[in-house]
Amino acid sequence: MPIGPTAQPRTSPTPAWTTADTEPVSCCVCGVAGETLYALSPFGVVRCPVCELVFVSPRLTSSALQRFYDEPAYFEGGVYGAQSTWSPAMVLQRSWTAGRLAVIARIRRPPGRLLEIGSGYGLFLDAARSSGYEVRGVELSRTGSAHAVANLGLDVFCGQLADAPTDPADVICFWDTLEHVPDPLAFLREVRARLAPGGVLALSVPYFSSIPARVLRTRWWTLKPEQHIWHFTPATLRLVAARAGLVITRLVTSPVRKSNVGRTDSLVALGRAIPDPED
Ligand SMILES: [Zn+2]
């Protein structure tokens, strides 16, 4: 999630992870083991020798990961609503929200059904609702989803996307979420299945070919191997999307664009479903 040099450091109450909390995984596209780039015991950052997708293996088991996301501290000290309105992180969050709604509206203006996956405290959904979309969210964190439902009156399903309602949406967005999901290919197929005809997807994700990632290597502030378990480049993002029946139609990497302002290691992508031959 978008924790960068402008955000507050997170002080985690989570105990140090051990090998018993981890498991090895294969490339979600090719099913083969990765080759080690960085050993960060008990984790490893590896690259698929076939498609070059970078991922974390070993990584936290699903039960260890759920314990991590259930910590209220996961959202505190970041950019998810626990801070004062004019903190630098919240000013950035509002800029991203406005910029992202603007790029979406250029290709799918409201009204329409908008689904956000990984909706956190519900700040983006709240803004999207104000701009005229009919909104729903999916959020794994019980803390985040409970806040969005109780304080903002939003419709948020708490759990994994695969277990969430399958009602179609005209816009599906997921900001800084794809790097967290257990299987991005399965996740994007779930997204594809929920896109209404002519619908669009919009996402942001850190990227491994960014200058900070390449220069700082294991000191890259976004590496975070417990939670950022897949690392994309524009090429591998397009590959995984295509395998899921989606095409990326626009990529924003510039840190001066409003949808991505101040972010030197993240990209914003827009896309659509590739029609089935029988559609
Ligand atoms: Zn692969």
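**Close-up views of the predicted model**

View 1. Asp170 is located in strand S9, which spans residues 169-175. The model shown in this and the following views is predicted. Because its relative accessible area is 7%, Asp170 counts as buried, the limit being under 20%. The side chain of Asp170 forms a polar contact of 3.4 Å with the side chain of Arg108. Leaving aside residues up to four places away in sequence, Asp170 touches Arg108, Gly112, Arg113, Ala196, Gly199 and Val200.

**View 2. Phe174 and the nonpolar cores.** The largest nonpolar core comprises 54 residues, of which Leu53, Ile117, Phe174, Leu178 and Phe187 touch the most other members. With residues up to four places away in sequence not counted, the contacts of Phe174 are Ile117, Phe187, Leu188, Val191, Leu201, Ala202, Leu203 and Ser204. Another core, of 20 residues, lies apart from the largest one; Leu114, Ala148, Trp175 and Val268 are among its members.

**View 3. Helix H2 and its packing partners.** Helix H2 consists of 20 residues, 88-107. From its first C-alpha to its last, H2 reaches 30 Å, close to the 28 Å expected at 1.5 Å a residue. The buried residues of H2 are Ala89, Met90, Leu92, Gln93, Ser95, Trp96, Thr97, Gly99, Arg100, Leu101, Val103 and Ile104.

Technical notes: Residues are numbered from 1 along each chain as its sequence is written. This is a predicted model: local features need pLDDT of at least 70, side-chain atom pairs count only at pLDDT 80 or more; totals for chains, interfaces and linings use all residues. Side-chain values use heavy atoms; hydrogens and water are left out. A nonpolar core is a set of buried Ala, Val, Leu, Ile, Met, Phe, Trp, Tyr and Cys residues joined through side-chain atoms within 4.5 Å. Buried means under 20% relative accessible area, exposed over 50%, partly exposed in between (1.4 Å probe, protein chains only). Contact means heavy atoms within 4.5 Å. Helices (H or I, at least four residues) and strands (E, at least two) are DSSP runs, numbered from the N terminus. A polar contact is a pair of N or O atoms within 3.5 Å; within protein, one must be able to donate a hydrogen and the other to accept it, and residues adjacent in sequence count only if both atoms are side-chain atoms. The expected span of a helix is 1.5 Å times one less than its number of residues.
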